[in-house]
Every structure is written in structure tokens, then in C-alpha cells.
Amino acid sequence: MNARDLMTNYGGRRFLLTVGSGIVCTLLLMEGYLSESIFRDLIIATVAVYISANTFQKYSDNRDKYNTDNKDG
């Protein structure tokens with residue numbers, strides 16, 4: 001099993017990066033390097049980027065599929 005298959009089994013690169021960012025932010029909060037408001041803002045931004053990237057990928061995949069299906073038409 002290669003690294004790509006392993007990442008896909010656990011949710012993909014974007015998901016693992018989002019979870020990893022959340023873990024790092026939580027550790028920084030626990031150690032006192034982040035205030036609660038900065039922690040909140042970082043978590044909101046991380047989740048917003050994850051959702052936006054996922055939406056953009058689905059849009060791009062559907063657009064490419066539509067363009068490929070109608071290429072001969």
C-alpha cells in the first residue's frame with residue numbers, strides 16, 4: 001500500500017491537513033501560545049477553506065465531465 005492509498009483511506013490530503021491543523025491549533029491553545037479568540041478564528045478559517053476547496057473541486061469535476069460529454073456534440 002502506497003502513501004496515496006493510505007491518505008485516501010483516511011479521508012484524503014485536504015481532510016488530513018484540516019485535522020492536523022486543528023490538532024496543532026489545539027496544542028498551541030493548551031500551551032498558552034494562542035488566545036481563545038485567535039484559536040476560534042483559526043478553526044473557522046481552516047474549516048471554511050476545507051469546505052470551499054471541496055466545493056470548488058466538485059464544481060471543477062462536474063464542469064470537466066460536462067465539457068467532455070458535450071465535446072462531440
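Tutor: A salt bridge is a side-chain nitrogen of Lys or Arg within 4 Å of a carboxyl oxygen of Asp or Glu. The model is predicted, so local features need pLDDT of at least 70 and side-chain atom pairs pLDDT 80 or more, while totals for chains, interfaces and linings use all residues. Residues are numbered from 1 along each chain as its sequence is written, and side-chain values use heavy atoms, without hydrogens or water.

Student: How far apart are the closest N and O atoms of Arg40 and Asp41?

Tutor: The structure holds one salt bridge. Arg40 forms a salt bridge with Asp41. The separation of their closest N and O atoms is 3.1 Å.

Student: Is Asp41 buried, partly exposed or exposed?

Tutor: Buried means under 20% relative accessible area, exposed over 50%, and partly exposed in between (1.4 Å probe, protein chains only). The relative accessible area of Asp41 is 39%, so Asp41 is partly exposed.

Student: What geometry does the pair of Phe15 and Tyr50 have?

Tutor: One aromatic pair is found in the whole structure. Rings of Phe, Tyr and Trp (its six-membered ring) pair if their centres lie within 6.5 Å; planes under 30 degrees apart count as stacked, over 60 as edge-to-face and the rest as tilted. For Phe15 and Tyr50 the centres are 6.4 Å apart and the planes lie at 65°, so the pair is edge-to-face.

Student: Which helix holds Tyr50?

Tutor: Helices (H or I, at least four residues) are DSSP runs, numbered from the N terminus. The pair links distant parts of the chain, 35 residues apart. Phe15 belongs to helix α2, and Tyr50 to helix α3.

Technical notes. Helices (H or I, at least four residues) and strands (E, at least two) are DSSP runs, numbered from the N terminus.
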